[in-house]
Amino acid sequence: MYTSIFDRKGCTATVVCLLSIMGKTQAQDTTETPSILLNETVIEATRPSPERLQDVNNTYIFAGKKNEVIRLSSIQANLITNNARQVFSRVPGMSVWENDGSGIQISVAARGLSPNRSWEFNTRQNGYDISSDVFGYPEAYYNPPLEAVEKVEVVRGAASLQFGAQFGGLLNYVLKREQNNTPFSFETQNAVGSYGMLSSYNAIGGNTKKWSYYLYNHSRKGNGWRDNGAYDVRNTHAFLQYKFSKKANVSAEYTNMDYVMQQSGGLTDAQFEANPRQSLRARNWFATPWQVANINAEYRPNDKLSFNLKVFGLLGDRNSVGFTARPTVADSINASTNAYNPRQVDTDNYKNIGTEFRGIYNYKLFSQNSNLSFGARAYQANTTRSQRGIGSKGSDYDLNITTDKFPTEYNFQTKNIALFAENLFNITKKFSFTAGLRYEHLVSSIDGRANISNGNEITVTPQSATRNIVLAGVGAQYKLGNTNFYANFSQAYRPVLFSDITPPATTDVIDPDLKDANGFNADLGYRGTAFNHINFDVSAFYLNYNNRIGTIRRFLNEDPTLGTYQYRTNLGQSVNMGVEAYVEFSLFKPFLSLMKGITSTKEIGDLSAFASLAFINAEYVDFKTTTASGTAPNISITETNLQGKKVENAPSQIHNFGLSYQYKGFSASAQMRMNSKVFTDATNTVAASVDGVTGEIAAYSVYDLSLQYSFLEKFNVKAGINNLTDAKYATRRAGGYPGPGLIPGEGRTFYLSFGAKFITKSKNQPEPQDVLIGEN
């Protein structure tokens with residue numbers, strides 16, 4: 001199996017690190033080859049958190065790129081309900097939206113971008129796509145249960161060359177796999193919590209000379225902290241791998257998720273202040289059955305060349321039914337019918353398939369080892385979107401509509417071919433330089449029905465847009481002991497989304513030459529470990545975002561007497577810049593020499609602290625907007641500019657502080673998150689609207705506590721309190737689902753979990769396996 005290991009510069013105590021520290025072997029330099037040969041027995045010890053990706057990871061190059069690896073077994077966090085606030089606390093600058101307390105959907109973003117279902121990230125599981133449509137609709141309705149995740153890899157915007165679209169970079173969930181010489185293992189983790197929360201995670205796995213397998217099932221349900229917030233989710237995953245030899249293997253995996261959840265809806269600010277737990281929507285439901293599958297083949301003919309091929313697919317649905325009016329409108333019994341009014345039904349269906357081939361070639365240049373990473377990708381996504389269906393008058397989850405067809409039905413298709421290459425040049429043993437290119441051929445199309453009026457279908461004129469895009473990037477890294485300076489510059493783009501080419505009204509006009517958003521990310525930083533007890537990363541970033549899309553008013557036929565229409569086109573530019581800093585240090589290790597008779601933290605435990613800080617200035621540099629006044633024939637259009645306005649949903653400060661203590665089998669962690677105020681519209685409206693859809697969101701601080709005790713080698717007990725002080729706060733406003741209105745964050749809740757893991761070891765030691773750096 002493939003085990004993530006780190007060289008001495010981020011040294012965890014694997015066999016290689018231990019022998020290297022003892023002087024009995026030379027630690028592998030990650031620039032020489034993407035893999036090393038180890039016996040499968042790996043001795044684990046304390047890891048830095050977060051870890052860093054190696055310069056070369058299988059067929060990937062990450063030298064000079066800002067990145068973090070969150071190994072979930074190394075942190076104390078509420079994994080049961082996928083608490084993103086806690087899990088990503090060590091990644092500076094991560095915004096988190098909390099739609100509800102179920103944790104079914106993780107919504108995060110970096111550097112002031114929108115966290116909406118993580119759509120500014122290229123979101124993957126084990127290296128393959130899991131979002132609705134990577135280009136046309138990149139919302140991630142699915143993410144794996146974090147109890148099943150080994151680690152989360154985050155690579156900032158410089159990932160655009162390796163992974164394609166999205167300014168935010170890469171967010172990759174790497175699932176657990178059984179390692180070492182383990183024919184069979186069984187793991188179980190079962191929890192209870194506030195408001196009827198019940199959770200059960202169960203997994204079996206094994207790894208032998210030829211075969212590896214892993215199967216888990218995760219089920220969770222609860223009533224939710226807010227009224228009308230019940231949910232029931234199930235997630236099943238199966239993995240099977242066959243190893244032909246030390247050089248070649250093939251694997252297949254399949255994931256199936258299904259859930260139904262009530263949506264409590266949004267509130268006005270007055271309703272929020274009176275009681276944030278209240279809900280005015282008892283009949284709103286949401287569900288996204290999801291299936292993803294992947295076949296993966298790896299082949300390494302020699303130490304200089306490695307190949308990887310993935311073939312993946314997705315079948316998914318996004319289903320909602322509910323009363324979607326603003327929170328100022330009550331969902332009440334209609335006096336004329338003595339029943340509720342009909343609800344609105346909206347559905348999406350996604351069918352995607354893709355393949356990605358990657359390779360890496362290791363060669364000598366300037367007497368140093370260098371690496372060329374290259375590959376190609378083909379992808380097709382098909383989405384059928386059915387909207388504004390007239391549903392039932394009932395209160396349960398019911399997608400039936402009262403008419404023969406949905407009034408609105410669109411068919412979207414995305415086709416993509418990409419070629420990419422990136423080269424790591426090791427000029428000296430300390431200094432390296434990276435350069436890369438990516439070519440994207442992208443075709444997006446739309447057809448369908450916009451509405452049905454008096455029995456007549458109003459069809460959409462079929463549209464298609466073809467783009468050929470070339471992205472370039474460079475990076476550099478200079479190693480200084482156990483630290484390094486890094487810098488990078490990478491172009492990025494965001495394709496035109498379905499919503500951008502879908503007219504919200506029949507009178508709206510879409511610019512036929514609508515352009516993709518484009519820009520670049522740049523980083524300059526210093527990171528590493530020091531004195532055997534400090535882990536740090538401090539950097540500055542600059543994110544330029546061009547061709548932002550918006551709407552302006554125009555005169556019909558350029559004649560003021562005929563009225564106006566909305567014209568959707570490219571209007572503006574924004575710049576996000578700032579500083580991200582992380583430091584973690586032991587409070588006991590520096591003073592061991594002063595403690596008589598104590599030579600190791602094993603005798604007294606270890607107390608460590610961390611701080612994750614982000615200062616962000618996100619502003620519009622240029623963004624046109626218009627207002628129309630008067631009536632025909634005396635209409636006037638006034639054009640203004642949002643220059644200097646803050647970008648919506650971009651906090652100026654995001655800070656996380658934590659304190660952890662570990663002694664033998666006991667560990668405890670307390671952390672605080674501070675989030676500054678944010679604006680929710682581009683005009684920077686401060687006062688909340690009557691319906692709660694726009695307006696400033698106040699700054700907030702939230703405290704969390706996590707505890708764990710492991711005993712008898714196999715068992716553990718975990719407990720935690722989320723939002724310890726029961727702070728009243730909100731992270732977002734919504735114009736549609738899950739609102740409309742202000743969406744409250746969850747108040748104080750607790751959980752208690754009991755788990756065990758049983759492992760059967762084989763008496764016969766298999767052949768040594770190739771341990772590839774960076775991936776399971």
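In the predicted model, Arg449 touches Lys405, Phe406, Pro407, Thr408, Glu409, Tyr410, Glu457, Ile458, Thr459 and Val460, residues up to four places away in sequence being left out of this list. Arg449 belongs to strand β24, which comprises residues 431–453. With a relative accessible area of 9%, Arg449 is classed as buried because this value falls under the 20% cut-off. One of the residues touched, Pro407, places its backbone oxygen 3.3 Å from a polar atom of the Arg449 side chain.

An open sheet is formed by five strands, arranged in the order β4-β9-β10-β7-β8 with mixed pairing. Strand β7, covering residues 121–125, runs antiparallel to β8 and is joined to it by two bridges. Arg124 stands opposite Asp129 of β8.

The largest cavity contains about 490 Å³ of space. Its lining consists of 36 residues, and those nearest the centre are Asp100, Gly101, Ser102, Gly103 and Glu746. Two or more lining residues are given by each of the elements α2 (84–87), β5 (94–97) and β39 (749–760); the most come from β39, with three residues. Classified by residue type, the lining of the largest cavity holds 14 nonpolar, 16 polar and six charged residues.

Notes. Residues numbered from 1 in each chain as written. Predicted model: local features only at pLDDT ≥ 70, side-chain atom pairs only at ≥ 80, totals over all residues. Heavy atoms only, no water. Pairing = 2+ DSSP bridges. Helix = DSSP H or I, 4+ residues; strand = E, 2+ residues; numbered from the N terminus. Buried < 20%, exposed > 50% of the residue type's maximum accessible area, 1.4 Å probe, protein only. Polar contact = N/O pair within 3.5 Å; in protein donor to acceptor, adjacent residues only side chain to side chain. Contact = heavy atoms within 4.5 Å. 1 Å grid on protein atoms, 1.4 Å probe; cavity = no way out; pocket = protein on both sides within 12 Å on 5 of 7 lines; lining within 4 Å. Points joined across faces, edges and corners; volume = space filled by probe spheres on them. Nonpolar A, V, L, I, M, F, W, Y, C, P; charged D, E, K, R; others polar.
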